[in-house]
Amino acid sequence: MIDNFSKDYFFLSNFYNAYLMYEGIIYCSTEAAFQAAKTLDVAERERIARLSPSDAKKVGRNLQLRPDWEEIKDKVMYDVCRAKFTMNSSLKLDERLLATGNEELVEGNTWHDNYWGNCTCEKCKDIPGRNQLGKTLMRIRNELRNQ
Ligand SMILES: [Zn+2]
């Protein structure tokens with residue numbers, strides 16, 4: 001199991017710097033693209049596209065969410081991750097993802113995110129995380145393998 005998206009596996013993290021195009025805008029990280037997708041305001045999206053992953057995350061917390069956000073957020077995460085792993089031929093992210101073989105990918109964290117990952121803090125450790133980011137990455141890995 002790969003349950004920590006840092007060091008050798010930092011490329012799996014949404015904070016990893018990799019260009020991707022999403023809905024006509026170029027972003028430097030999946031974090032920025034994901035946060036920008038929370039709004040339908042194109043000027044705001046372009047502003048977020050220039051931010052670091054951590055600044056994009058901060059801005060994303062205060063955005064007025066598009067009304068359908070809860071229904072589409074899983075698909076947005078899939079789309080931005082799929083773009084990241086297929087649009088960066090120089091970083092060979094597709095090969096690196098495939099090289100994780102059949103390892104279960106779990107976004108282990110300590111910041112209580114039990115939706116996209118699985119928090120391992122004292123308070124959360126008995127709550128199984130939904131690990132939606134890890135599942136999304138395993139889905140993309142499967143698609144890359146079968147294409
Ligand atoms: Zn926690």
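Let's start with a word we'll need throughout: a residue is buried with under 20% relative accessible area, exposed with over 50%, and partly exposed in between (1.4 Å probe, protein chains only). This is a predicted model, where local features need pLDDT of at least 70 and side-chain atom pairs count only at pLDDT 80 or more, while totals for chains, interfaces and linings use all residues. Residues are numbered from 1 along each chain as its sequence is written, and side-chain values use heavy atoms, leaving out hydrogens and water.

Now look for the zinc ion. Its protein donors are His-112 (ND1), Cys-119 (SG), Cys-121 (SG) and Cys-124 (SG), sitting 2.1 to 2.4 Å away. Donors here are N, O and S atoms within 2.8 Å of the metal (3.2 Å for Na, K and Ca), and water is not among the atoms, so sites may look incomplete. The angles among the 4 donor atoms run from 103 to 115°, making the site tetrahedral (for four donors, that takes all angles between 85 and 135 degrees). His-112 belongs to the loop between strand E3 (108–109) and strand E4 (118–119), and Cys-124 to the loop between E4 and helix H6 (132–146), so the pair ties together parts that are 12 residues apart in sequence. Helices (H or I, at least four residues) and strands (E, at least two) are DSSP runs, numbered from the N terminus. At 47% relative accessibility His-112 is partly exposed, whereas Cys-124, at 5%, is buried.

Next, follow helix H6 itself. Its buried residues include Leu-133, Leu-137, Ile-140 and Leu-144. Among the parts covering the buried residues of H6 are helix H4 (69–86) and helix H5 (93–98); covering goes by contact, meaning heavy atoms within 4.5 Å.

H4 and H6 are also linked by charge. Arg-82 forms a salt bridge with Glu-143, with the closest N and O atoms 2.8 Å apart. Arg-82 lies in H4 and Glu-143 in H6, so this pair ties together parts that are 61 residues apart in sequence. Both are partly exposed, Arg-82 at 23% and Glu-143 at 25%. Salt bridges that share partners join Arg-82, Arg-139 and Glu-143 into one network. The term covers a side-chain nitrogen of Lys or Arg within 4 Å of a carboxyl oxygen of Asp or Glu, and the structure holds 10 of these salt bridges.

Glu-70 is exposed at 53%, but Lys-73 is buried at 12%.

Key. Four donors count as tetrahedral if all angles lie between 85 and 135 degrees; four count as square planar and six as octahedral if opposite donors are over 155 degrees apart and all others between 65 and 115; anything else is irregular.
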